Amino acid sequence: QVQLVESGGGLVQPGGSLRLSCAASGITYSINFSINVMGWYRQALGKERELVALITRGGRANYAAFLEGRFTISRDNAKNTVYLQMNTLEREDTAVYYCAAGPADLKYWGQGTQVTVSS
């Protein structure tokens with residue numbers, strides 16, 4: 001079983017930046033396959049969970065259209081870690097951010113980290 005642990009959330013003012021990290025651990029002999037795809041979702045209070053960004057082991061990234069280039073996803077395969085650099089944060093970005101991973105489908109999920117954008 002693969003475990004995902006997020007970090008880096010917190011309180012930031014509008015226009016500020018945060019960097020989220022998600023480290024994967026688990027069955028080491030298959031972890032490369034198990035986390036071929038890694039990514040981030042978010043869920044704001046009272047709203048459905050939505051995709052933020054995904055990245056494959058080879059580095060191909062996909063982003064939600066609403067981001068308008070403000071966020072960047074990256075990963076360090078040697079560390080089994082995926083990152084989300086969030087810039088020019090807006091109040092509407094306030095949400096719990098979840099890390100997800102899987103071979104193709106996202107079958108593993110982290111517990112989430114709270115991001116609050118407020119002055």
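Predicted model: local features only at pLDDT ≥ 70, side-chain atom pairs only at ≥ 80, totals over all residues.

Colleague: Where is threonine 88 placed?

Modeller: Threonine 88 belongs to the loop between β8 (81-86) and β9 (95-102). Although threonine 88 is not a glycine, its phi is positive, at about 50 degrees.

Colleague: Which loop holds glutamate 68, and is glutamate 68 buried or exposed?

Modeller: Glutamate 68 lies in the loop between β6 (61-63) and β7 (71-76). Its phi is likewise positive, at about 50 degrees, and glutamate 68 is not a glycine either. As for exposure, the cut-off for an exposed residue is over 50% relative accessible area. Glutamate 68 has 69% relative accessibility, so it counts as exposed.

Colleague: How many bridges join β1 and β3, and what stands opposite valine 5?

Modeller: Strand β3 covers residues 18-25, and its antiparallel pairing with β1 runs over five bridges. Opposite valine 5 stands alanine 23 of β3.

Colleague: Which residues form the covered face of β1, and which the uncovered one?

Modeller: In β1, which spans residues 3-7, Leu4 and Glu6 make up the covered face. The uncovered face consists of Gln3, Val5 and Ser7.

Colleague: Let us take the cysteines. What is the general idea of a disulfide, and how many are there here?

Modeller: A disulfide is a covalent bond that joins the sulfur atoms of two cysteines. The count in this model is one disulfide. It is formed by cysteine 22 and cysteine 99, whose sulfur atoms are 2.0 Å apart. The link is left-handed, with -80 degrees about the S-S bond. It connects distant parts of the chain: cysteine 22 is in strand β3 and cysteine 99 in strand β9, 77 residues apart.

Colleague: Are cysteine 22 and cysteine 99 buried or exposed?

Modeller: A residue is called buried when its relative accessible area is under 20%. Cysteine 22 has 0% and is therefore buried. Cysteine 99 also counts as buried, because its relative accessibility is 0%.

Colleague: How many salt bridges does the whole structure hold?

Modeller: A search finds four. In one of them, the side chains of arginine 42 and glutamate 50 meet at 2.8 Å, N to O. Arginine 42 is buried, with a relative accessible area of 6%, whereas glutamate 50, at 31%, counts as partly exposed.

Colleague: How is arginine 42 related to aspartate 93?

Modeller: Their side chains also meet in a salt bridge, at 2.8 Å from N to O. This pair links distant parts of the chain, with arginine 42 in strand β4 (residues 37-43) and aspartate 93 in the loop between β8 and β9, 51 residues apart. Both arginine 42 and aspartate 93 are buried.

Colleague: And with which residue does arginine 70 form a salt bridge?

Modeller: Its partner is glutamate 90, with 3.9 Å between the closest N and O atoms. Again distant parts of the chain are linked: arginine 70 is in the loop between β6 and β7, glutamate 90 in the loop between β8 and β9, 20 residues apart. Arginine 70 counts as buried at 10% relative accessibility, while glutamate 90 is partly exposed at 33%.

Colleague: Which residues are linked in a network of salt bridges?

Modeller: The network links Arg42, Glu50, Arg70, Glu90 and Asp93.

Colleague: Finally, over which rings does arginine 49 lie?

Modeller: Its charged end sits over the ring of tyrosine 98, 3.8 Å from the centre. Arginine 49 also lies over the face of tryptophan 109, at 4.9 Å from the ring centre.

Key
Residues numbered from 1 in each chain as written. Heavy atoms only, no water. Buried < 20%, exposed > 50% of the residue type's maximum accessible area, 1.4 Å probe, protein only. Helix = DSSP H or I, 4+ residues; strand = E, 2+ residues; numbered from the N terminus. Pairing = 2+ DSSP bridges. Disulfide = S-S within 2.5 Å. Lys NZ or Arg CZ within 6 Å of the ring centre and 35° of its normal.
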